[in-house]
Amino acid sequence: MSGFVHILGFIVFPYIALTIFVLGHAWRYVTDWKRWNAASSQFLHKDSLKGGITIFHWGSLLTLVGHAGGMLIPQRIYDLFGISEAAHNFMAHWVGLVAGLLMIAGGGWLLVRRIGQDRIAANTSVHDYVLLALLLVVSGLGLYNVVFTHYDVLYSVAPWIRSIVVLAPNPALMAPVPVSYKLHILSAFVLLAYSPFTRLVHIWSAPVTYLYRSYVIFRKLPGTKGA
Amino acid sequence: MKIKAQMTMVLNLDKCLGCHTCSIPCKNVWTSRQGAEYMWFNNVESKPGIGYPKNWEDQGIYRGGWTAKNNRLFLAAGGRVTKLSRIFNNPDLPQIDAYYEPWDYDYGGLVTSPVKKHQPAIRPRSQITGQSMEIQWGPNWEDDLAGVCETGTADTNFAGLDAQKYLEFEQAFMMYLPRLCEHCLSPACAASCPSGALYKRDEDGIVLVDQARCRGWRYCVSGCPYKKVYFNWKTGTSEKCIFCYPRTESGMTTMCSASCVGRIRYVGVILYDAERISQAASAADPKDIYPALVDIMLDPHDPDVLKQAEKQGISEAFLKAAQNSPTDKLMRKWPLALPLHPEYRTLPMVWYVPPLSPLQTGTENKKADETLSDMRIPVKYLANLLAAGDEAPVRRSLKYLMALRAYMRSLRLEKTPDKSILGQAGLDEKLDEPAVLEIYDLLAIAKHKDRFVIPTAPNPDQADMRAAQGEKGFE
Ligand code: HEM
Ligand code: SF4
Ligand code: SF4
């Protein structure tokens with residue numbers, strides 16, 4: 001890859017994607033709050049959803065946690081806790097394998113359902129199709145890397161991601177990385193940039209407060225001090 | 001004592017015509033939109049029957065409402081962790097077919113049809129897929145017992161009765177049950193919502209879905225034991241009866257009650273002690289929930305209650321409305337009205353006066369209780385519907401109604417008021433003559449001003465009303 005394209009791909013594009021990601025979510029939250037939800041289709045057809053949605057989500061959540069843990073936290077810290085590089089890679093391999101398989105099986109299931117089930121198809125937008133397809137591409141590339149390309153990312157991709165996050169990009173770290181990894185990363189940034197315009201916004205409303213808030217909420221009329 | 005005011009409704013089933021007039025303005029104004037076609041915030045069911053959605057009373061299927069153990073309440077469908085772990089696929093959610101697949105007709109085909117030998121026919125067309133469809137079920141499929149010889153055995157209110165016997169032609173009975181959200185004191189819908197989007201209004205207890213916070217996790221739909229939260233399949237959020245709050249806030253009554261042809265509906269305010277909600281809802285024996293619920297209602301004429309209420313910031317308009325409230329009288333004072341399925345433990349706030357029904361033999365020389373057992377509708381059935389299976393409160397209400405009729409007949413027709421009727425009916429002395437006349441006025445004459453006593457809401461800050469449009473409960 002020529003130097004210019006490399007810089008475009010691993011400095012310019014990630015920041016453009018992240019900017020769209022942040023501004024896109026803000027814009028969507030303000031202008032389209034009525035559609036800020038999971039757009040559940042379970043009500044229209046239950047049985048066809050069950051298995052697919054469940055394995056897809058556990059796979060996705062595992063993937064999220066895995067990437068956050070493996071990429072954002074430096075190996076130094078793992079060393080402190082006695083987790084060696086080899087052990088870390090071993091863990092990442094198996095977790096990645098399971099998560100990837102779940103996501104692809106689940107995502108494929110959901111896509112087939114969206115296309116094949118009359119009611120769901122009638123209530124599916126282009127965004128829904130593109131999103132599922134894109135998720136399959138990103139997770140497919142991820143799984144390919146886990147299975148076929150045993151490349152150590154702990155001192156290449158991971159520090160590069162952190163360099164992006166701390167606003168001190170270091171594209172040189174990405175230079176020796178295999179193409180399949182680069183494609184996985186670039187497609188993931190496409191997904192990030194695209195996500196504010198899809199139902200993926202539901203991820204940011206994950207209802208964790210339910211674990212501790214009081215069951216029944218009373219609210220006063222706005223602008224009054226009670227009846 | 002934490003005093004709160006609650007908007008309530010009482011429906012006098014003795015007079016419901018089953019005309020569905022109530023459902024129509026509600027439908028036209030609130031749910032005539034795409035995604036909401038199948039929603040009836042107010043619907044009228046024929047009983048016996050499995051209702052709308054199918055089998056809504058069977059909590060073995062949908063696991064709505066609360067259960068109680070050691071005076072503590074638990075959501076029947078599982079607690080917070082269980083719910084979150086199954087959020088991707090709510091196992092208890094009904095599918096739209098349990099209500100019905102909404103349809104319309106290709107009316108244009110009538111106009112565009114070429115000249116033919118026979119009249120053009122139009123076929124039903126699904127409003128979800130747009131394709132032509134076979135209608136399987138509708139919003140009022142069991143109207144006037146249609147098909148109930150088949151579905152009726154699944155009606156849970158036959159518990160302890162031989163359902164088959166009552167589905168035979170000779171023994172068949174029927175009544176109407178108009179239903180809307182109960183605006184419960186312990187709303188399981190709100191407790192089930194992972195986002196906390198459902199809330200109870202502090203001023204009048206109306207339960208709303210905040211459309212700006214609903215994320216479509218759809219646990220409210222299964223959590224409500226009355227199946228009165230509806231999932232909008234187009235927008236991906238939940239919607240429910242809003243007790244016509246834009247009307248009640250300005251002192252007007254709800255549309256279902258304003259339009260009611262039988263004049264069976266009463267709307268008013270009650271006061272209750274919010275500190276004792278969970279105590280009442282978690283009574284060990286379900287039969288004790290109804291008396292406990294009456295017990296937490298407060299007498300709006302009690303000077304102590306008034307003083308406390310004022311101190312706690314309840315407005316004068318609400319206190320005055322509570323004092324004149326027809327529902328306070330029917331629910332607490334006399335008490336004639338009963339809650340629908342109190343055993344669901346949500347402490348519902350739309351109550352029903354049980355219906356009298358034709359006697360199968362003469363009434364001469366019969367005690368009131370024997371006469372009741374002779375009514376077409378088995379008392380046990382009504383008890384399962386309105387009193388967690390306890391016949392006593394149902395019998396008490398029906399006796400009131402019977403005595404009321406007999407006494408008014410002696411007064412109006414025979415011109416010899418016979419007070420002994422009241423005593424013979426086994427009524428307590430509370431029901432003395434002035435009260436009888438008052439009840440008669442309220443139930444039989446049922447003037448508009450007596451049926452609806454609604455305080456206006458405190459003047460809100462109107463500055464951001466436009467910005468908030470579409471948030472509070474409906475689009
Ligand atoms: C964080 C917690 C999450 C929760 C509570 C959650 C919940 C849900 C729910 C309730 C649905 C609707 C299912 C239906 O009834 O049709 C849904 C759909 C979906 N979710 Fe999530 N989700 C979460 C995280 C994620 C993540 C991390 C991803 C992927 C990166 C994801 C991707 C999707 C997709 C693609 C769909 C649509 C599936 C289809 O096309 O039918 N979700 N989610
Ligand atoms: S009846 Fe109304 S307030 Fe009660 S649980 Fe159902 S939706 Fe909530
Ligand atoms: S309008 Fe009144 S009488 Fe008619 S069905 Fe409704 S509640 Fe019954």
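Two strands are said to pair if DSSP finds at least two bridges between them. In this predicted model, strand S1 (residues 3–12) of chain B meets that condition with strand S15 (residues 350–353) of chain B, the two running in the parallel sense over four bridges. Within this pairing, Leu11(B) stands opposite Tyr352(B) of S15(B). S1(B) also pairs with strand S12 (residues 265–273) of chain B, here in the antiparallel sense and over nine bridges. Lys4(B) has Tyr272(B) as its bridge partner in S12(B).

S1(B) is mostly covered, and ten of its ten residues are buried. The side chains leave the strand in two directions. Ile3(B), Ala5(B), Met7(B), Met9(B) and Leu11(B) point one way, while Lys4(B), Gln6(B), Thr8(B), Val10(B) and Asn12(B) point the other way, and all of these residues are buried.

The site of ligand 1 is shared between chains, because residues from chains A and B surround this ligand.

Several polar atoms of chain A lie close to polar atoms of the ligand. An oxygen atom of ligand 1 is 2.5 Å from a polar side-chain atom of Ser40(A). For Arg114(A), a polar side-chain atom lies 2.7 Å from an oxygen atom of ligand 1. An N or O atom in the side chain of His57(A) is 2.7 Å from a nitrogen atom of ligand 1.

The iron atom of ligand 1 is coordinated by NE2 of His57(A) and NE2 of His202(A), at 1.9 to 2.0 Å. The site of this iron atom has six donor atoms with angles of 86 to 180 degrees among them, and is octahedral. For six octahedral donors, the ideal angles at a metal are 90 or 180 degrees. Of the two histidines that coordinate the iron atom, His57(A) lies in helix H2 of chain A and His202(A) in the loop between helix H8 (179–194) and strand S1 (218–219) of chain A, so the pair ties together parts that are 145 residues apart in sequence.

Burial was assigned by relative accessibility, with under 20% counted as buried. His57(A), at 15%, therefore counts as buried. His202(A) is also counted as buried, because its relative accessibility is 13%. Arg114(A), which is found in helix H4 of chain A, has a relative accessibility of 7% and so counts as buried.

The residues around ligand 2 include Cys181(B), Cys184(B), Cys189(B) and Cys224(B), together with Glu182(B), His183(B) and Lys240(B). By class, this shell has nine nonpolar, one polar and two charged residues. Ligand 3 is surrounded by 14 residues, the closest being Cys16(B), Cys19(B), His20(B), Cys22(B) and Cys260(B). The shell around ligand 3 has nine nonpolar, four polar and one charged residues.

Conventions. Residues are numbered from 1 along each chain as its sequence is written. Chains are lettered from A and ligands numbered from 1 in the order in which they are written. This is a predicted model: local features need pLDDT of at least 70, side-chain atom pairs count only at pLDDT 80 or more; totals for chains, interfaces and linings use all residues. Side-chain values use heavy atoms; hydrogens and water are left out. A residue is near a molecule or strand if one of its heavy atoms lies within 4 Å of it. A polar contact is a pair of N or O atoms within 3.5 Å; within protein, one must be able to donate a hydrogen and the other to accept it, and residues adjacent in sequence count only if both atoms are side-chain atoms. Donors are N, O and S atoms within 2.8 Å of the metal (3.2 Å for Na, K and Ca); water is not among the atoms, so sites may look incomplete. Four donors count as tetrahedral if all angles lie between 85 and 135 degrees; four count as square planar and six as octahedral if opposite donors are over 155 degrees apart and all others between 65 and 115; anything else is irregular. Buried means under 20% relative accessible area, exposed over 50%, partly exposed in between (1.4 Å probe, protein chains only). Ala, Val, Leu, Ile, Met, Phe, Trp, Tyr, Cys and Pro count as nonpolar, Asp, Glu, Lys and Arg as charged, and the others, Gly among them, as polar.
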